[in-house]
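Here is a short briefing to read alongside the model. Take a look at the structure first, and then we can walk through a pocket and a pair of helices together.

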Amino acid sequence: MHDVVQNYYGKELQSTNDLKTSACCDISNMPEWLKPLLANIHDEVLNRYYGCGLVCPALLEGCRILDLGSGSGRDVYALAQLVGESGHVVGVDMTDEQLAVAKQHQAYHVEKFGYDNVTFLHGYIEKLDELDLEANSFDIIVSNCVINLSPDKASVMASVQRLLKPGGEFYFSDVYADRRIPKHLIDDPVLYGECLSGALYWKDFNRLSRDAGFLDVRLVEDRPLEITDPALAAKIGDIQFFSATYR
Ligand SMILES: C[S@@+](CC[C@H](N)C(=O)[O-])C[C@H]1O[C@@H](n2cnc3c(N)ncnc32)[C@H](O)[C@@H]1O
């Protein structure tokens, strides 16, 4: 599955406009306070945004944040402004092309913000123990439309537990389904790459979270997804998908 996803985000998609669902945030729903932060972010980073929610909790100044599947870095660069000079944001992604865009514009953002407080690492979110990340070292871990793409979601949740400081928070947006997805749809590379067929049945997500030790999972917001591509909609049939942000 890693190859399928790397190919999708590294080669198939060139910009947000190539997505075949309404998973990416509707600009009209964007909070006013976010707009000036996004205005400081390079266009190429913004054009390759593939998230499905808003992973910016309040009051982040001075925090250490980890972004799982940081892509071209939009959320990293937005969070970098919220944590300020005394904070730090680490982005991890496995796709070279996505990381290259994020890193290529690092100097641009240092100049815009007046400080350098981000690090991008190449890695797999199921194998975070292979990276030089200290246990109990992050105040917040975020992830935006990535866990559905992981073939081993339980490992991801276990690593989040290990890396969060006591009292830290996992704040993430992802895609969920109203039922378990049949195997022939999981095997479809476009449905998987579009963040649909790797999505968990939401009740399985609740179980997985509890098993990983997240005993008090709270829904921040959710919305139904529209499958805008007719061919994909026909394959999906009447399965309903929604994006949800949890903390
Ligand atoms: C839907 S995009 C979201 C990117 C970013 N969070 C955003 O909001 O623009 C999914 C990203 O997750 C990365 N990804 C998917 N599975 C991964 C894994 N197992 N380990 C690391 N990165 C992964 C992909 O390379 C891609 O950049």
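A pocket here is an open set of grid points, on a 1 Å grid over the protein atoms alone, with protein on both sides within 12 Å along at least five of seven lines. Please keep in mind that this is a predicted model. With that in hand, the second largest pocket holds about 290 Å³ of space.

**The second largest pocket**

- Its lining is made up of 20 residues.
- Gly168, Phe170, Phe214, Asp216 and Arg247 are the lining residues that lie nearest the centre of this pocket.
- Three elements each supply at least two lining residues: helix H7 (153-163), strand S5 (164-177) and helix H10 (202-211).
- Strand S5 gives the most to the lining, with eight residues.
- By class, the lining of this pocket divides into 10 nonpolar, five polar and five charged residues.

**Helices H4 and H6**

- How do helix H4 (residues 74-83) and helix H6 (residues 106-113) cross, and at what angle? Their axes come within 12 Å and cross at roughly 25°.
- Angles under 35 degrees count as roughly parallel, so H4 and H6 are roughly parallel to each other.
- The crossing of H4 and H6 is right-handed.
- On the H4 side, Tyr77, Ala80 and Gln81 meet Gln106, His109 and Phe113 of H6.
- Sorted by class, this contact of H4 with H6 has three nonpolar and three polar residues, and no charged ones.

Notes. Residues are numbered from 1 along each chain as its sequence is written. This is a predicted model: local features need pLDDT of at least 70, side-chain atom pairs count only at pLDDT 80 or more; totals for chains, interfaces and linings use all residues. Side-chain values use heavy atoms; hydrogens and water are left out. On a 1 Å grid over the protein atoms alone, a cavity is a set of points where a 1.4 Å probe fits but cannot get out, and a pocket is an open set with protein on both sides within 12 Å along at least five of seven lines; lining residues have an atom within 4 Å of a point. Grid points are joined across faces, edges and corners, and a volume is the space filled by probe spheres set on the points. Helices (H or I, at least four residues) and strands (E, at least two) are DSSP runs, numbered from the N terminus. Ala, Val, Leu, Ile, Met, Phe, Trp, Tyr, Cys and Pro count as nonpolar, Asp, Glu, Lys and Arg as charged, and the others, Gly among them, as polar. Axes are lines fitted to C-alpha atoms, for helices over the stretch in contact, and angles run from 0 to 180 degrees between N-to-C directions. Angles under 35 degrees count as roughly parallel, over 145 as roughly antiparallel, 65 to 115 as roughly perpendicular and the rest as oblique. A crossing is left-handed if the near helix is turned anticlockwise from the far one by less than a right angle, and right-handed if clockwise. Contact means heavy atoms within 4.5 Å.
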